[in-house]
Amino acid sequence: MSSLLVDNIGELVTNGVGEGPLGIRRKAAVLIEEGRVAWVGPAAYAPAADRRIDAGGAAVLPGFVDSHAHLVFAGDRAAEFAARMAGERYTGGGIRTTVGATRAATDDELRATVRRLRGEALRQGTTTIEIKSGYGLSVADEARSLRIAAESSSETTFLGAHVVPPEYADRPDDYVGLVCGPMLAAAAPHAKWIDVFCERGAFDVDHARAILACGQAAGLGVRLHANQLGPGPGVRLGVELDAASVDHCTHLSDADIDALAGTAHSDGSGTRTVATLLPGAEFSTRSPYPDARRLLDAGVTVALATDCNPGSSYTSSMPFCIALAVREMRMTPAEALWAATAGGARALRRDDVGVLIPGARADLVVLDAPSYLHLAYRPGVPLIHQVIRNGVPQ
Ligand SMILES: [Zn+2]
């Protein structure tokens, strides 16, 4: 059995036992065996190991958990972005542009894009990433999107209900029937989750409830896009269906916050339904940011994710999202880092990632900085020095 010691860590973020909400340990070391964290403790007492990485006194964190990404697509929408920056408003309608390009792409073209973005995210410290379908919107194209996504992640999400495709524009009920019937049957073997874009111009609450209930009956976990472009019933629907996460949460009423807070675990460990905030979308559509403080103050568990997609948030960078969360959403640097690691894990109902405690998956990021604070303090700077995933240096 080969072991690896990450030694001489100046500041270790564990999200477990230690100082403050991030469970910080100073002058620490982490022993990795068989892809798992075997031991965490003071560097002075580090056990012997077959190999050693010297962190040089830098900060080490759990790998980022990006719980919301749309990586299976073709083409890009740089021109749409430029038009928006010149004053046009984002409506979500550009999704159909990507659907056309995705349907026309070969499997190898889609696979190459997923791998490129997956690699890009990994180099920026993301060791777990959720990948959605949603640009195929036909039985065959949704199934192949998920098949390709599953080659790069076990966290795959069926988003056949992203928008109503053009050929069903005047008969949305028929499209919902297709999603719940043959499309779900073809997608479910490759998917862990089901998701719906519950928004004006996409799917209303009745259609969203019907689709999510079908997915649940097929064994998929529920998550949904809710309350991004305006107020609506999406967040409360997510709570009603025990969604792992409701994503965006940009326009929330008091009733929405109360509903989320009402899913709190009795042991004080946060809420069962997580609010996942995607500030890259507000940045790229020049929209008002969600009110993270209101959620945190109500005791709602918050995650941060990239929403990486070619239309409204074409970033794969979790450090960028952390910087936005701190600067624009008034999260503290500690809250933002927790949301980007342990929070993302909660949003995927995982307890083996997003933490560095014995038994967890050995996903570590070594920073080129003495503290995690630098992620927000030095925005846009490549601070990811080394990534270890599953115990393997990348
Ligand atoms: Zn999204």
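**Strands, sheet and a buried valine**

Author: Strand β9 (residues 156-161) runs parallel to strand β10 (residues 193-198), and three bridges join the pair. Strands pair when DSSP finds at least two bridges between them; strands (E, at least two residues) and helices (H or I, at least four) are DSSP runs numbered from the N terminus. This is a predicted model: local features need pLDDT of at least 70, side-chain atom pairs count only at pLDDT 80 or more, and totals for chains, interfaces and linings use all residues. Residues are numbered from 1 along each chain as its sequence is written.

Reader: Which residue in β10 is the bridge partner of Thr-157?

Author: The two strands β9 and β10 pair in the parallel sense. Within β10, Thr-157 has as its bridge partner Trp-193.

Reader: What is the order of the strands in the open sheet of seven?

Author: The pairing in this sheet is parallel. The order is β8-β9-β10-β11-β12-β13-β14.

Reader: Is Val-65 buried or exposed?

Author: Val-65 belongs to strand β6 (residues 64-66). A residue is buried if 20 or more other C-beta atoms, placed from the backbone, lie within 10 Å of its own, exposed if 12 or fewer, and partly exposed in between. Because Val-65 has 30 C-beta neighbours inside 10 Å, it counts as buried.

Reader: How far apart in space are Val-65 and Gly-343?

Author: In sequence, Val-65 and Gly-343 are separated by 278 residues. In space, their C-alpha to C-alpha distance is 7.9 Å.
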